[in-house]
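Please read the report below beside the sequence and the three-dimensional model. It moves from the overall fold to single residues.

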Amino acid sequence: MTIIPSTTPVPKPYQIFMSPTSPAPSPPAPTSSAVPFPLPDRTSQTPAPSSTPPTAHQSPTLRLEIRSLSHPGATKFLTSVTASTLLSTAVANVQTHLYSSPPSPTHCPPTRSVTVVLRDIGGVAYTTGTELDPSHHKEIHFSLNYIATIRPDRLASEITGVLTHELVHCYQHNAQGTCPGGLIEGIADWVRLCCGLDPPHWRRETKGKWDGGYQHTAYFLEYLEGRFGVGTVRRINERLRGRRYEEKEFWTGLLGRPVEQLWGDYISKVKRDEEGEGAEVTVDEGTQT
Ligand SMILES: [Zn+2]
């Protein structure tokens, strides 16, 4: 497991998308999610042409393809989780966390099928759209080599966590491909966090930028959800639908202040909590900047 250092430059959206033959950016370790998760390709995140009505979640066709049944990772997968239950539950969790209403209407992309492909590849996992219909049909490619390295007592949780993260990519909006990659990955790990699937090594970090991605941004989103109310991340995701991302307008329009200010408030709170004061940051909710 390699945790992204806080000083690691934030990857631009889709910049580090991994082709099936690409080597892993760093070798995965046994006890945790290797990061960075390769980002989904641009086509897989193209906003869907239509959406389901609020709360009318559709269940996609789910498929599992194991390309190498003799691989040790395949045995570990098949003996540690029940794929049908895992996938359907994970889809429901993703839809609930991103598209439940109230507080505001949301529009779930009409993803019709998700195929999980267990393969002998590097890295951890990546999500892509199928060639013929990337908006409706998704593929999650999951590394058998990585699964083979997971510690036995972490197998079920880690496999479920990785698949939940990737399923978010099958359903989230991305501001027509302009959303910062760190926010895309942060939302994916925020859902994983909400599902109680956070690996033991995850920590709230006070260094780096707000869009460092993965758990770094996921904990920031958790803070925003607590500060601005349940449904805040759903509103963030919804605002990424069918429009381009303009940072100042995005955050000020949604939460009334620039994201850098919100990040500063978050850091202050984490530091106070770490110091054991447990004091809440006093915020003037009426301040507009
Ligand atoms: Zn991801």
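**Basis and overall fold**

The model is predicted, so local features are taken only at pLDDT of at least 70 and side-chain atom pairs only at pLDDT 80 or more, while totals for chains, interfaces and linings use all residues. Residues are numbered from 1 along each chain as its sequence is written, and side-chain values use heavy atoms, with hydrogens and water left out.

The secondary structure comes to nine helices and four strands, where helices (H or I, at least four residues) and strands (E, at least two) are DSSP runs numbered from the N terminus. Read from the N terminus on, the elements follow the order β-α-α-β-β-β-α-α-α-α-α-α-α. Of the 289 residues, 52% count as buried; buried means under 20% relative accessible area, exposed over 50%, and partly exposed in between, with a 1.4 Å probe and protein chains only. Among contacts (heavy atoms within 4.5 Å) between residues at least 6 apart in sequence, 75% join residues at least 24 apart.

**The sheet**

The four strands form an open sheet in the order β1-β2-β4-β3, with mixed pairing; two strands pair if DSSP finds at least two bridges between them. Its edge strands, each pairing on one side only, are β1 (61-66) and β3. Neighbouring strands are turned by 15° against each other on average, direction ignored; axes are lines fitted to C-alpha atoms, for helices over the stretch in contact, and angles run from 0 to 180 degrees between N-to-C directions.

β4 pairs with β2 in the parallel sense over seven bridges, and with β3 in the antiparallel sense over five bridges. Phe142 in β4 has Leu118 opposite it and also Ala125, while His141 in β4 stands opposite Tyr126. Because five of the seven residues of β4 are buried, this strand is largely enclosed by the rest of the structure. Helix α2 (residues 83-99) lies across β1 and β2 (113-119) and runs at about 135° to β1.

| Helix | Length | Span, first to last C-alpha | Expected span |
|---|---|---|---|
| α5 | 14 residues | 20 Å | 20 Å |
| α9 | 16 residues | 22 Å | 22 Å |

α5 is mostly covered, with 13 of its 14 residues buried, and just after this helix Gly196 takes a positive phi of about 70°. In α9 (residues 259-274), the buried residues are Val259, Leu262, Trp263, Asp265, Tyr266, Ile267, Lys269 and Val270. What covers these buried residues of α9 includes α6 (214-228) and α8 (247-255). Just after α9, Gly276 takes a positive phi of about 85°.

**The nonpolar core**

A nonpolar core is a set of buried Ala, Val, Leu, Ile, Met, Phe, Trp, Tyr and Cys residues joined through side-chain atoms within 4.5 Å. The largest such core has 62 residues, of which Phe142, Ile159, Leu183 and Trp251 touch the most other members. Leaving aside residues up to four places away in sequence, Ile159 touches Phe77, Ser80, Val81, Leu86, Phe142, Ile147 and Ile150.

**Two buried histidines**

His136 lies in the loop between β3 (125-129) and β4 (137-143), and counts as buried because its relative accessibility is 10%. The side chain of His136 makes a polar contact of 2.9 Å with the side chain of Asp133; a polar contact is a pair of N or O atoms within 3.5 Å, where within protein one must be able to donate a hydrogen and the other to accept it, and residues adjacent in sequence count only if both atoms are side-chain atoms. His136 and Pro110 are 26 residues apart in sequence, yet 6.2 Å apart in space, C-alpha to C-alpha.

His173 lies in the loop between α4 (155-171) and α5 (181-194), and is buried, with a relative accessible area of 4%. The side chain of His173 makes a polar contact with the side chain of Tyr99 at 3.4 Å, and a polar atom of this histidine side chain lies 2.7 Å from the backbone oxygen of His107. Not counting residues up to four places away in sequence, His173 touches Tyr99, His107, Pro109, Ile184, Asn237, Glu238, Leu240 and Arg241.

Definitions and conventions. Expected span 1.5 Å × (residues − 1).
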